[in-house]
Amino acid sequence: MRPGLMPLLCRIIVVMALPLTAFMSAANAAGDLSRQDPITVTVDLGSPGTHEFIPNKLRFETGKLYKLVLRNASDAPHYFTSHAFSQLIFTRKVQVTQERDGKMVTLAEIKGAIREIEVYPGHSAEWWFVPVATGRVTDLHCGVRAADGKTHAEHGMTGEIVIE
């Protein structure tokens with residue numbers, strides 16, 4: 001080999017490898033949940049005198065971190081229940097929050113498998129999750145019974161979730 005060729009080849013290899021190393025590092029960070037900023041999606045659980053999810057059609061993508069904010073501005077407690085949805089996601093945590101002095105404060109944090117969250121009037125909860133499988137979910141409902149004996153779902157509090 002010609003003198004001086006080996007150091008030149010080493011420099012070329014190092015220069016070519018740097019972009020690959022940066023790419024691999026960025027690719028690995030994309031899957032690191034601790035480095036993802038959550039995508040916030042807010043669902044209002046009715047309003048005074050109404051039983052509905054607003055919006056009642058939700059769309060998520062696999063591999064992304066979401067913070068689903070469930071706000072109950074109505075005068076009744078409401079459930080956000082979907083057994084099928086819970087099978088398609090990894091729950092990172094659920095946080096019970098409350099507004100104090102104009103800002104949201106976390107009161108409790110729950111971890112593990114979650115299928116149903118009940119939110120009392122005037123309060124909210126945050127469900128942090130990552131969809132891990134695709135599917136269409138049609139069992140989203142509120143099972144709370146109204147004064148007339150019918151569930152809120154029978155009054156129209158149902159919804160659909162699509163994970164792509």
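Predicted model: local features only at pLDDT ≥ 70, side-chain atom pairs only at ≥ 80, totals over all residues.
Leucine 58 has a relative accessibility of 6%, and because buried means under 20%, leucine 58 counts as buried. If we set aside the neighbours within four places in sequence, leucine 58 is in contact with Val41, Val43, Phe80, Glu160, Ile161 and Val162. As for valine 41, which lies 17 residues away from leucine 58 along the chain, the C-alpha atoms of the two are separated by 8.6 Å.

Now to the protein as a whole. The secondary structure comes to 2 helices and 11 strands, and, read along the sequence, these follow the pattern α-β-β-β-β-β-α-β-β-β-β-β-β. The protein has 164 residues, of which 34% count as buried, and its accessible surface comes to about 9,900 Å², with 57% of that belonging to carbon and sulfur atoms. Among contacts between residues at least 6 apart in sequence, 73% join residues at least 24 apart.

That brings me to the aromatic residues, where the count comes to 9 aromatic pairs. In one of them, the rings of phenylalanine 53 and phenylalanine 80 have their centres 5.6 Å apart and their planes at 75°, and since planes over 60 degrees apart count as edge-to-face, that is what we call this pair. Phenylalanine 53 lies in strand E2, residues 50-54, and phenylalanine 80 in strand E5, residues 78-81, so the pair ties together parts that are 27 residues apart in sequence. Both phenylalanine 53 and phenylalanine 80 are buried.

Phenylalanine 60 and phenylalanine 85 form another aromatic pair, this one tilted, with 6.0 Å from centre to centre and 35° between the planes. Here, too, distant parts of the chain are linked, for phenylalanine 60 is in strand E3, residues 57-60, while phenylalanine 85 is in helix H2, residues 83-87, and the two are 25 residues apart. Phenylalanine 60 is buried, with a relative accessible area of 1%, and phenylalanine 85, at 1% relative accessibility, counts as buried as well.

Methods:
Residues numbered from 1 in each chain as written. Heavy atoms only, no water. Phe/Tyr/Trp six-rings, centres within 6.5 Å; stacked < 30°, edge-to-face > 60°. Helix = DSSP H or I, 4+ residues; strand = E, 2+ residues; numbered from the N terminus. Buried < 20%, exposed > 50% of the residue type's maximum accessible area, 1.4 Å probe, protein only. Contact = heavy atoms within 4.5 Å. Areas by Shrake-Rupley, 256 points an atom, 1.4 Å probe, with all protein chains shown as cover.
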